[in-house]
Amino acid sequence: RQPVEHYRNYDWACILRVKLPEAAREVAAEYARQREGRIFYPMAFKPGERYWNCTKIIWAAYQEQGIDLDPFNDLWVTPDALYQSPWVEVVDSEGEIPL
């Protein structure tokens, strides 16, 4: 977890919400909390539970519920994949989002 101040110097940022009922989002949040403190590696591949990064944990939390947030079906999940997912909506953004 990072405080919001961590992102203040980014060129752009956006807040995304998965378009599912709150109960499903709560299940995903609990999944992520249970994995807090595990080994972080920026290029964590989807398979396996040894290495995690910020996007893999979000993807895996919903994948457990049968929702695949990765429209690219790649070996790892990028922030752009979450942004482009049809399951996700932009709640707010700051700066010009490069596409």
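A residue is called buried when its relative accessible area is under 20%, exposed when it is over 50%, and partly exposed in between (1.4 Å probe, protein chains only). Keep that in mind for the tour.

The model on your screen is predicted, so local features are described only where pLDDT is at least 70 and side-chain atom pairs only at pLDDT 80 or more, while totals for chains, interfaces and linings use all residues. Residues are numbered from 1 along each chain as its sequence is written, and side-chain values use heavy atoms, with hydrogens and water left out.

**Stop 1: the whole protein**

Start with a cartoon view. Walking from the N terminus, the order is β-α-α-α-β. The radius of gyration, taken over C-alpha atoms, is 13 Å, close to the 13 Å that the globule rule gives for 99 residues, so the protein is as compact as a globular protein of that length. That rule is 2.2 Å times the number of residues to the power 0.38. Along the principal axes, the C-alpha trace spans about 35 × 30 × 25 Å. Of the 99 residues, 26% are buried.

**Stop 2: helix 2**

Now select residues 54-63, which form helix 2. How many of its residues are buried? The count is 7 of 10, so this helix is mostly covered. Colour Thr55, Lys56, Ile57, Trp59, Ala60, Ala61 and Tyr62 to see the buried ones. Their cover includes strand 1, helix 1 and helix 3.

**Stop 3: leucine 20**

Next, pick leucine 20, in the loop between strand 1 (13-18) and helix 1. Leucine 20 is buried, with a relative accessible area of 17%. Show its neighbours: leaving aside residues up to four places away in sequence, leucine 20 is in contact (heavy atoms within 4.5 Å) with Arg25, Tyr62, Ile67 and Trp87. Of these, Tyr62 is one of the buried residues you coloured in helix 2.

**Stop 4: arginine 35**

Move on to the loop between helix 1 (22-34) and helix 2, where arginine 35 sits. Is this residue buried or exposed? Arginine 35 counts as buried because its relative accessible area is 14%. Its side chain reaches the backbone oxygen of tyrosine 31 at 3.0 Å.

**Stop 5: lysine 46**

Stay in that loop between helix 1 and helix 2 and select lysine 46. With 10% relative accessibility, lysine 46 is buried too. Which side chain does the lysine 46 side chain meet in a polar contact? The partner is aspartate 70, at 2.7 Å. A polar contact is a pair of N or O atoms within 3.5 Å; within protein, one must be able to donate a hydrogen and the other to accept it, and residues adjacent in sequence count only if both atoms are side-chain atoms. Beyond four places in sequence, lysine 46 touches several residues, including Lys56, Trp59, Asn73 and Trp76.

**Stop 6: asparagine 73**

Finish at asparagine 73, one of the residues that lysine 46 touches. Asparagine 73 belongs to the loop between helix 2 and helix 3 (79-84). Its relative accessibility is 61%, so asparagine 73 counts as exposed. Check the backbone as well: phi is near 50 degrees, a positive value in a residue other than glycine.

Conventions:
Helices (H or I, at least four residues) and strands (E, at least two) are DSSP runs, numbered from the N terminus.
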